[in-house]
Amino acid sequence: MPEPRSPMASFAQSVQNAIDGPITWFRETIVEPNQQKSNWYHQRFRRVPTIDECYTDDAVCRFEADQQFRRDRMVDNEIVNILRQRFEDCTLYEAPDHIIKCKPLLEQYEKATENWFIKYGDLGGYANAKTAFMKQKHRLIWERRHGPVGSGMKEEQLGH
């Protein structure tokens with residue numbers, strides 16, 4: 001550090017050291033050694049209780065479940081987008097043999113799209129964890145009564 005040019009600069013430097021010194025010492029000796037070093041560049045949130053684990057009057061738990069649902073939906077959207085982009089890149093690169101060479105990518109993309117639609121389809125833009133949970137419940141009831149979705153409805157049995 002250069003020597004101050006005037007007594008006023010010397011005083012200002014000593015005040016700066018008196019204020020900044022303990023803060024710098026605390027950060028270098030306490031905070032930085034105890035930080036977790038991560039190779040990831042994005043924020044990693046802890047998993048919170050799902051909506052079915054929240055009490056009906058626990059607004060904080062429901063809010064956290066909604067936020068977790070939104071984060072999960074964004075991640076699932078990006079997964080489907082990446083799979084679609086991989087398939088499109090494959091078709092451009094492998095043409096005219098793309099039908100054979102890109103078939104595994106297409107199957108993976110179609111399965112991911114189907115799973116995305118099962119979970120998030122027809123919920124709309126303002127969906128939350130509760131509406132998704134209700135959709136799941138209704139789907140499970142449907143499958144218990146009629147079999148897998150898409151297989152048609154069972155005929156009503158007359159003597160049950």
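Which side chains meet in a salt bridge at 3.4 Å, N to O? They are those of E94 and K101; the details follow below.

## Basis of the model

This is a predicted model, in which local features need pLDDT of at least 70 and side-chain atom pairs count only at pLDDT 80 or more, while totals for chains, interfaces and linings use all residues. Residues are numbered from 1 along each chain as its sequence is written, and side-chain values use heavy atoms, with hydrogens and water left out.

## Helix α2 against helix α4

Helix α2 covers residues 59-94 and helix α4 covers residues 103-120; helices are DSSP runs of H or I with at least four residues, numbered from the N terminus. Their axes come within 9 Å and cross at roughly 155°. This makes α2 roughly antiparallel to α4, a term for angles over 145 degrees. Axes here are lines fitted to C-alpha atoms, for helices over the stretch in contact, and angles run from 0 to 180 degrees between N-to-C directions. The crossing of α2 and α4 is left-handed, meaning that the near helix is turned anticlockwise from the far one by less than a right angle.

On the α2 side, the residues that meet α4 include F69, D72, R73, V80, F87 and C90. Their counterparts in α4 include L105, Y109, W116 and Y120. Contact means heavy atoms within 4.5 Å. The residues of this contact of α2 with α4 divide into 11 nonpolar, 3 polar and 6 charged. In this classification Ala, Val, Leu, Ile, Met, Phe, Trp, Tyr, Cys and Pro count as nonpolar, Asp, Glu, Lys and Arg as charged, and the others, Gly among them, as polar.

## Helix α2 against helix α5

Helix α5 (residues 129-146) packs against α2 at an angle of about 75°, with the axes 8 Å apart. The two helices are therefore roughly perpendicular to each other, the term for 65 to 115 degrees. R62, A65, D66 and F69 of α2 make the contact with A129, K130 and A132 of α5. By class, the contact of α2 with α5 has 4 nonpolar, no polar and 3 charged residues.

## Salt bridges

Side chains of opposite charge can pair when their charged atoms come close. The structure holds 6 salt bridges, each being a side-chain nitrogen of Lys or Arg within 4 Å of a carboxyl oxygen of Asp or Glu. One of them joins D72 and R47 at 2.9 Å, N to O. D72 lies in helix α2 and R47 in the loop between α1 (7-34) and α2, so this pair ties together parts that are 25 residues apart in sequence. D72 is buried at 19% relative accessibility, whereas R47 is exposed with a relative accessible area of 57%. Buried means under 20% relative accessible area, exposed over 50%, and partly exposed in between (1.4 Å probe, protein chains only).

In the salt bridge of E94 with K101, E94 is partly exposed at 22%, and K101 is partly exposed at 49%. Another salt bridge, at 3.6 Å from N to O, pairs E32 with R27. E32 is partly exposed at 34%, and R27 is partly exposed at 42%.

## Two residues of helix α5

H146 lies in helix α5 and counts as buried, at 11% relative accessibility. Leaving aside neighbours within four places in sequence, H146 is in contact with S151, G152, M153 and K154.

R144 is also found in helix α5 and is exposed, with a relative accessible area of 71%. The C-alpha atoms of R144 and W116 are separated by 21 Å, with the residues 28 apart along the chain.

Note on methods:
Parallel < 35°, antiparallel > 145°, perpendicular 65-115°, else oblique.
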